[in-house]
Amino acid sequence: MTNLVSENIPGYTLLDSGFGKKLEIIAGVTVERPSPQAIWAPRLSEGEWKKATSVCIRKSDGGGTWQHKNKEPQDLVLEWEKLKFKLKFTSFGHCGVFFEQQAVWNTLVRETEALQKELGRPIKFLNLFGYTGCASLAVLSTGAEVFHVDSSKGVLTWGRENAELSKLDTKKIKFVQEDVRGFIKHSLRKGFKYDAILADPPSWGHGANKEVWEFEQMIHEMVTDCYNILNREKSFFFLSSHTHGVQSEALRNIMNDHKSKKEIVVGELGVRHSNDPRILPAGIYSLAKNIV
Ligand SMILES: C[S@@+](CC[C@H](N)C(=O)[O-])C[C@H]1O[C@@H](n2cnc3c(N)ncnc32)[C@H](O)[C@@H]1O
């Protein structure tokens, strides 16, 4: 097991967590959000938690509403390496960036650069369930060609804005509004191949035409299809999961089911607190490398 822990994230501080919540500073704004994983006790005083000026309250349907003590923060930007990501407080307590993914972006950049060096050309990278594009832009910045798939028009527009704000070559990234499974089947039919795939599927979701996505029912077929659209010259495949009850060895088993030759690493994702060594868990991952 090799855990990927995000820490020292510029513009982001995880101050505390506990009793189902987390306290963070996001681009200068002190924020309290739900965090169901945090089943332990908070370490900071109530007074410290009261400093949050933007609080997301969990609703019974699983969503969340924001309460801002001051005016709703506007024009927030997270700067990571040479990239810029717009931040907005949206439903479900999200803000356009999943901070635990920083360690994933680093891994993807490292693997992409190594593969491009080995193959002697820019790779074709496919990001499935890509959201606002942080991982896609990290890979784009290495000179790779990126295909970014998500069903939501809103997050694709947000991703394009992030690419422009980061002054990246937007000719080398395609933002595709489509159901992930539909996109993969289309690539299979057409014989389109990619050198690397990232898939960060939610537990459930909807395609662009309301196609249903359910992790447990659909992940095995999706992984098999992904292997079949990967180049056999050499490729890598990064899969993560945030689905309750699915453990990293289960991901290893799914990734191993395909007959190709490969090396597999699995582990947990998490974010380290700024002032203590605790890690807030944020899912699991599996990376298959040197797939031939
Ligand atoms: C948890 S977010 C992924 C986070 C992203 N990987 C990141 O780190 O920034 C899940 C995304 O999957 C998209 N989605 C859900 N079901 C989908 C489907 N069937 N086809 C395409 N996109 C889907 C949602 O619109 C959402 O943007």
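Two strands count as paired if DSSP finds at least two bridges between them. Helices (H or I, at least four residues) and strands (E, at least two) are DSSP runs, numbered from the N terminus. The model is predicted: local features need pLDDT of at least 70, side-chain atom pairs count only at pLDDT 80 or more, and totals for chains, interfaces and linings use all residues. Residues are numbered from 1 along each chain as its sequence is written, and side-chain values use heavy atoms, with hydrogens and water left out.

View A. Strand 5 (residues 54–58) pairs with strand 6 in the antiparallel sense, over five bridges. Val-55 stands opposite Gln-67 of strand 6. The sheet has the order 2-3-4-5-6, with mixed pairing. Strand 2 (12–18) and strand 6 (64–68) stand at the edges with a single partner strand each, so one side of each has no neighbour in the sheet. From one strand to the next the twist averages 20° (axes are lines fitted to C-alpha atoms, for helices over the stretch in contact, and angles run from 0 to 180 degrees between N-to-C directions). In a regular strand the side chains alternate between the two faces of the sheet.

**View B. The crossover from strand 10 to strand 11.** Strand 10 (residues 145–150) and strand 11 (residues 173–177) run parallel and are joined by five bridges. Phe-147 stands opposite Lys-174 in strand 11. Between strand 10 and strand 11 the chain passes through helix 4 (residues 153–165), in a right-handed β-α-β crossover. Right-handed means that, with the strands pointing away from the viewer, the path from the first strand over the helix to the second runs clockwise.

View C. The 18 residues of helix 2 (residues 102–119) should span 26 Å at 1.5 Å a residue, and the end C-alpha atoms are 26 Å apart, which agrees. The expected span is 1.5 Å times one less than the number of residues. Gly-120 follows helix 2 and has a positive phi, near 70°.

**View D. Surroundings of His-258.** His-258 lies in the loop between helix 7 (248–257) and strand 16 (263–272). His-258 is buried, at a relative accessible area of 18%. Its side chain makes polar contacts with the side chains of Asn-228 (3.1 Å) and Ser-260 (3.0 Å). A polar contact is a pair of N or O atoms within 3.5 Å; within protein, one must be able to donate a hydrogen and the other to accept it, and residues adjacent in sequence count only if both atoms are side-chain atoms.

Terms used:
Buried means under 20% relative accessible area, exposed over 50%, partly exposed in between (1.4 Å probe, protein chains only).
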